[in-house]
Amino acid sequence: MCGLAGFLGPPRAESERRLAAMTERLVHRGPDSSGLWVDAAAGVGLGHARLSIVDLSPAGHQPMASNSGRYVLVFNGEVYNHLALRAELEQSGHAPDWRGHSDTESLIAGFDAWGVAATVSRAIGMFAFAVWDRETRELVLGRDRMGEKPLYYGWQGEGSHRTFLFGSELRALQAHPSCGTEIDRNAVVQFMRYGHVSGAQAIYEGLFRLTPGCLAQVSLDRPDIVVTPYWSAVDAAQQPKRQEDPVETIDALDALLRDAVGQQMLADVPLGAFLSGGIDSSLIVGLMQAQSERPIQTFTMGFREPRYNEAAFAARVAAHLGTNHTELYVEDADLRDVVPMLSDIYDEPFADASQIPTFLVSKLAKGSIKVALSGDGGDELFCGYDRYRQGAGLMRRLEGVPKLFRGAAAGAARAVPVGVWDRALAPLRRVAVGKEPNGQWMHRMADYATSGSIEELHHKLVSRWRWPEEVVNCGHEPQSLLAGLLPPRRGESDAERMMLLDQLTYLPDGILTKVDRAAMHVSLETRAPLLDHRVVAFAGSLPLEMKLRGATSKWALRQVLYRYVPADLIERPKMGFEVPVGIWLRGPLRDWAEDLLAPHRVRDSGLLDAGLVRRTWQEHLSGRFNWGLQLWNVLMLLAWQRRQCAPGRVVGSDG
């Protein structure tokens, strides 16, 4: 895992100095070495910060030129089947005289033999890269199929200063003098809804993220950026379903997962895994331990609030498998130490409070290992989230009721004050500590009842602020996969539809962003075997009953897991990687939140409605509402903006 940065623009004498400044911003992603390559005449520069994982020798140094000299490459990630690619090159007579055994060298040799697109289509892995083609004088950017690795880009500057910039994180682009800092208010609206900037958007105007599974081509002669998909998650999810015997299907899934995990265990440095004790991480660790001659190192985070704590379950799984297990509990002091760091860690507004334990477990693991495997992707691929089952069930019931009647009933429910609902429902519905009160829950259910489609319901289910344009000054929600640009349906069920939407949005923009930034801030590489694109395609080929049987989610994964871990160590109500953010904001983080949410600070930000933010904060403190998730969005935005702004200057304000 590494960091990359670069530019394409008018030739300048100071190009190498600017490239060095951009690359230096990414030293946390690659502290082991760095490299620069500049073609001053062509106006192109490629910078690389290396985290050495495979081939620790100088033979793996980047930027790397191909044997023919045509291509120069900077690469972030891992190609797990690169030895198979080498064998194919050798059998076809296209192999160079190998300098080392890095996957970067295998990849660039493929570029020489087959071209960029054909090589990437052969690769199994997670990656982002930039390659300069000296023959065509064209720059090509690429990103892995599921979006594990980030890549930002865009034209910046005006006139003779107009330059195409790219990099693993926005901070690298900002080190170039052509890069602007105007906040895109429409992206802020999107952030307030989801807790992250989604799709191709970036928080700054004129900058974008490369869509997963795509290549982007640009040149000075043809400045229009051409983005072309080389793989489609939609096609993988919407393919014909398997009809074979369930036992045969589980055998095939077991073999595929074993192979995916085995490939991702290849490294020239110490390796381990995150273990929560849930289905996905327990399965990955079980498959790792089955293929290891020594105990796997595993790591988990615990919480003092019992409802949110899974550490004891993880310890039981670790004991059964015989791993070398380490756990750490999140204390109030940890929160106070980590929260001020989040805006720097994430570099772009990001508001999933589980980013705190994710960072802490990454830091814990980094003390012993350099690569950690995780179970990310299992929920989105194998129907793990409760909202898939519950949302599909609710939609079936709603479709039997005329929409006019539903609207009237919902309006009547919302007209009843939350306090009245709280008192009325208290004997019927117990509210868990840290969860929303009954009145707030009832108003939310009324909103869901007006949904006219599963897409509309899903959009509400994944929204933090339901009407984010009310809280963002002068912003409008952009079109996105969840706001108007949906892929066409091809007969999938409502639950499968929701899974696909999450694979395209929440997984890359939320989950994978969270893990990448947290782990790379401490120079830890993370790998997700369930996101091997062969596993993704296999999951897409499974009929829904292989994923969801009654109230049992991830049925197929469970059957594989039970071959390695007894069911009684796993079966319990799903908790997920949830954190008690509402409790924290009323407790150990209250002073920090009060400082950021002071009315004059919110007004000075120029982005948010200070009155609405203040009312929401006071309602949360009263205990009548739990606005923890909504307020976390506000806090992460304001903390990020404070970090971005020079003293006395408001970036992105109307002035």
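A polar contact is taken here as a pair of N or O atoms within 3.5 Å, of which, within protein, one must be able to donate a hydrogen and the other to accept it. In the predicted model described here, such a contact of 2.9 Å joins the side chains of Ser354 and Lys514. The side chain of Ser354 also makes a polar contact with the side chain of Asp352, at 2.7 Å. Ser354 itself is found in the loop between α12 (342–346) and α13 (355–366), and because its relative accessibility is 2%, under the 20% limit, this residue counts as buried.

The second largest pocket has a volume of about 460 Å³. Its lining comprises 26 residues, of which Gly199, Thr211, Pro212, Leu481 and Leu504 are the closest to the centre of the pocket. Two or more residues of the lining are given by each of the helices α20 (494–504) and α21 (506–521). When sorted by class, the residues that line the second largest pocket are 12 nonpolar, 10 polar and four charged.

With regard to the cysteines, Cys383 has a relative accessible area of 1% and is therefore buried, and Cys2, at 5% relative accessibility, likewise counts as buried, since this value is under 20%. A disulfide is a covalent bond between the sulfur atoms of two cysteines. With a limit of 2.5 Å between cysteine sulfur atoms, the count for the model comes to zero disulfides.

Note on methods:
Residues are numbered from 1 along each chain as its sequence is written. This is a predicted model: local features need pLDDT of at least 70, side-chain atom pairs count only at pLDDT 80 or more; totals for chains, interfaces and linings use all residues. Side-chain values use heavy atoms; hydrogens and water are left out. On a 1 Å grid over the protein atoms alone, a cavity is a set of points where a 1.4 Å probe fits but cannot get out, and a pocket is an open set with protein on both sides within 12 Å along at least five of seven lines; lining residues have an atom within 4 Å of a point. Grid points are joined across faces, edges and corners, and a volume is the space filled by probe spheres set on the points. Helices (H or I, at least four residues) and strands (E, at least two) are DSSP runs, numbered from the N terminus. Ala, Val, Leu, Ile, Met, Phe, Trp, Tyr, Cys and Pro count as nonpolar, Asp, Glu, Lys and Arg as charged, and the others, Gly among them, as polar. Buried means under 20% relative accessible area, exposed over 50%, partly exposed in between (1.4 Å probe, protein chains only).
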